[in-house]
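Visitor: Here is a structure I would like to go through helix by helix. Could you take my questions in order?

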Amino acid sequence: MTDLIRLTAAETAAKVATGEVSAVEVAQAHLDRIAEVDGGEHGGVHAFLHVDTDGALAAAKAIDGKRAAGEELGPLAGVPLAMKDVVVTRGLPTTSGSKILQGWIPPYDATITTRIKDAGIVMLGKTNMDEFAMGSSTENSAYGPTRNPWDQTKIPGGSSGGSSAAVAAFEAPLSIGTDTGGSIRQPAAVTGIVGHKPTYGAVSRYGLIAFSSSLDQAGPFARTVLDTALLYEAIAGHDPLDSTSLDVPVAPVVAAAREGANGDLAGVKVGVIRELGGEGYEPGVTAAFEAAVATLKGLGAEIVEVSCHSFDYALAAYYLIAPSECSSNLARFDAVRYGLRVGDDGNNSLEDVMSLTREAGFGPEVKRRIMIGTYALSSGYYDAYYGQAQKVRRLIADDFNKAFAQVDVLVSPTAPTVAFGIGEVLDPLTMYKNDLATLPASLAGVPAISVPAGLSEGLPVGLQIIAPTLQDDRCFKVAAAFESASPFPEIPS
């Protein structure tokens with residue numbers, strides 16, 4: 001059974017399809033692994049908030065039944081998956097890492113959840129996260145931090161740290177995260193796995209608990225580029241339930257990953273972004289990135305340095321736009337319709353109940369961002385702050401367009417540092433700087449992937465590959481080529 005947790009998703013699906021192993025055996029092996037490493041006396045990885053043992057085994061049994069009946073199975077049928085707790089799942093707790101939603105059981109599924117079930121993927125449970133996806137370390141969860149499987153004194157990134165840690169710890173071969181300013185790519189980088197932020201609108205947001213609606217984007221984690229591509233194709237595509245969903249064909253990322261695995265990048269122009277490096281980036285991260293660029297060159301790629309001056313303002317723009325949208329989105333948590341309700345003893349007005357509930361239910365980082373956003377949107381300040389930030393966002397998109405007129409993809413370190421210690425970073429601004437390299441792609445809505453690029457001080461470093469809008473397949477082709485030439489570091493057992 002131990003060997004089953006080390007298979008890739010593609011290998012697992014192939015074995016299930018031929019009957020070499022059953023989906024129930026695969027699910028049970030991963031459930032046993034979760035029981036072994038996710039909790040315990042010293043806290044364990046703590047990737048999961050809720051493990052759906054009965055549901056996972058029932059789903060796996062259904063897959064085995066279909067195989068026995070001679071039905072054709074999908075490319076990921078029978079493969080286990082961990083779901084970030086920001087994705088609504090019917091009949092299962094969905095908390096978004098917050099006390100204000102503790103115990104809430106949704107009556108419907110997100111589109112992603114539906115597509116995962118339709119693909120025959122076996123959902124193991126819901127993963128820990130920074131509250132309402134606000135953070136870079138998963139320390140902002142109301143249910144305690146997740147720990148990095150490489151070193152359990154370190155953070156696993158955020159806000160999708162539970163999802164990244166589950167994959168890195170062999171608790172699941174696949175997982176779903178969401179990326180608002182880097183919350184798929186940065187966790188992937190610091191846990192040594194693959195994570196992809198799709199083109200904005202390529203994956204439905206229906207059923208995602210909103211943080212920043214113009215930025216939030218769900219995407220896949222896995223331990224290989226091909227597995228990540230297979231999961232992307234399972235969840236991507238137009239959704240009429242999401243007004244921001246793009247009605248375009250799904251990018252052929254699986255074919256691109258298979259093509260890239262040949263290791264040939266001849267004719268591909270790779271741009272190194274001058275502004276995403278230098279001051280603030282650890283020497284070990286810089287060294288690993290330079291080695292990665294040399295590997296790409298060795299595969300036949302032409303390396304070009306490009307400058308995107310507006311990227312220097314991405315951090316400031318993001319931390320005006322995202323909090324502004326969060327202050328609007330989180331206004332719905334008012335103690336009236338669902339979730340936590342405090343002070344409803346007949347002695348308080350409705351306004352007092354709302355205030356008491358929000359005080360008790362929201363954590364410090366969520367309150368900080370609500371206040372920043374409310375201020376930025378207030379009368380007399382809207383144009384000076386939120387309006388100006390949106391202008392910077394336009395400049396960033398323009399810089400991407402200019403860069404992609406010269407090159408096919410852009411590369412940078414995914415994060416400026418390796419994983420830091422739990423409780424080590426207390427200053428909010430220092431924490432926000434972990435997103436320096438990932439924010440520009442989020443603001444412009446372009447796709448980007450992080451792949452492991454070696455180690456610094458024994459901890460993983462990520463290489464970020466960015467492509468033009470709707471050209472997600474370019475990310476996967478270059479990532480797969482890099483993977484073929486630069487074996488990913490061995491994930492600890």
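Predicted model: local features only at pLDDT ≥ 70, side-chain atom pairs only at ≥ 80, totals over all residues.

Visitor: How many residues does helix 13 have, and what distance does helix 13 reach from its first C-alpha to its last?

Guide: At 1.5 Å a residue, a span of 32 Å is expected for helix 13. The model comes close to that value. Helix 13 has 22 residues and reaches 30 Å.

Visitor: What do the buried residues of helix 13 pack against?

Guide: The buried residues of helix 13 include Tyr-386, Ala-389, Val-392, Arg-393, Ile-396 and Phe-400. Their partners comprise helices and strands. These are helix 10, helix 12, strand 9, helix 15 and strand 11.

Visitor: At what angle do helix 10 and helix 13 pack, and is the arrangement parallel or oblique?

Guide: The axes of helix 10 and helix 13 are 9 Å apart, and the angle is about 125°. Angles of 65 to 115 degrees would count as roughly perpendicular and those over 145 as roughly antiparallel. The value of about 125° therefore makes helix 10 oblique to helix 13.

Visitor: Which residues make the contact between helix 10 and helix 13?

Guide: Helix 10 passes helix 13 in a left-handed crossing. On the helix 10 side, the contact is made by Ala-314, Ala-317, Leu-320, Ile-321, Ser-324 and Glu-325. On the helix 13 side, it is made by Tyr-385, Tyr-386, Ala-389, Gln-390, Val-392, Arg-393 and Ile-396.

Visitor: Is Ser-310 buried or exposed, and which residues does Ser-310 touch?

Guide: Ser-310 is located in the loop between strand 8 and helix 10. Its relative accessibility is 8%, so Ser-310 counts as buried. Leaving aside residues up to four places away in sequence, Ser-310 touches Leu-395, Ile-396 and Asp-399.

Visitor: What is the angle between helix 9 and helix 16, and which residues meet there?

Guide: Helix 9 and helix 16 have axes 10 Å apart and pack at about 100°. The two are therefore roughly perpendicular to each other. Ala-292, Thr-295 and Leu-296 of helix 9 meet Val-478, Phe-482 and Ala-485 of helix 16.

Visitor: Which residues does Leu-299 touch?

Guide: Leu-299 sits in the loop between helix 9 and strand 8. With a relative accessible area of 13%, Leu-299 is buried. Apart from residues up to four places away in sequence, Leu-299 touches Gly-263, Asp-264, Leu-265, Ala-266, Ala-481, Phe-482 and Ala-485.

Visitor: Which peptide bond is cis, and what is its omega?

Guide: Most residues other than glycine have a negative phi, and most peptide bonds are trans. Ser-159 lies in the loop between strand 3 and helix 5. The cis bond runs from Gly-158 to Ser-159, with omega near 5°.

Visitor: What is the phi of Ala-133, and what is the phi of Phe-170?

Guide: Ala-133 is in the loop between strand 3 and helix 5, while Phe-170 is in the loop between helix 5 and strand 4. Ala-133 is buried, at 6% relative accessible area, and Phe-170 counts as buried, at 5%. Neither is a glycine, yet phi is positive in each. The values are about 65° for Ala-133 and about 60° for Phe-170.

Note on methods: Residues numbered from 1 in each chain as written. Heavy atoms only, no water. Axes fitted to C-alpha atoms, helices over the stretch in contact; angles between N-to-C directions. Helix = DSSP H or I, 4+ residues; strand = E, 2+ residues; numbered from the N terminus. Parallel < 35°, antiparallel > 145°, perpendicular 65-115°, else oblique. Left-handed = near helix turned anticlockwise from the far one by under 90°. Contact = heavy atoms within 4.5 Å. Buried < 20%, exposed > 50% of the residue type's maximum accessible area, 1.4 Å probe, protein only. Expected span 1.5 Å × (residues − 1).
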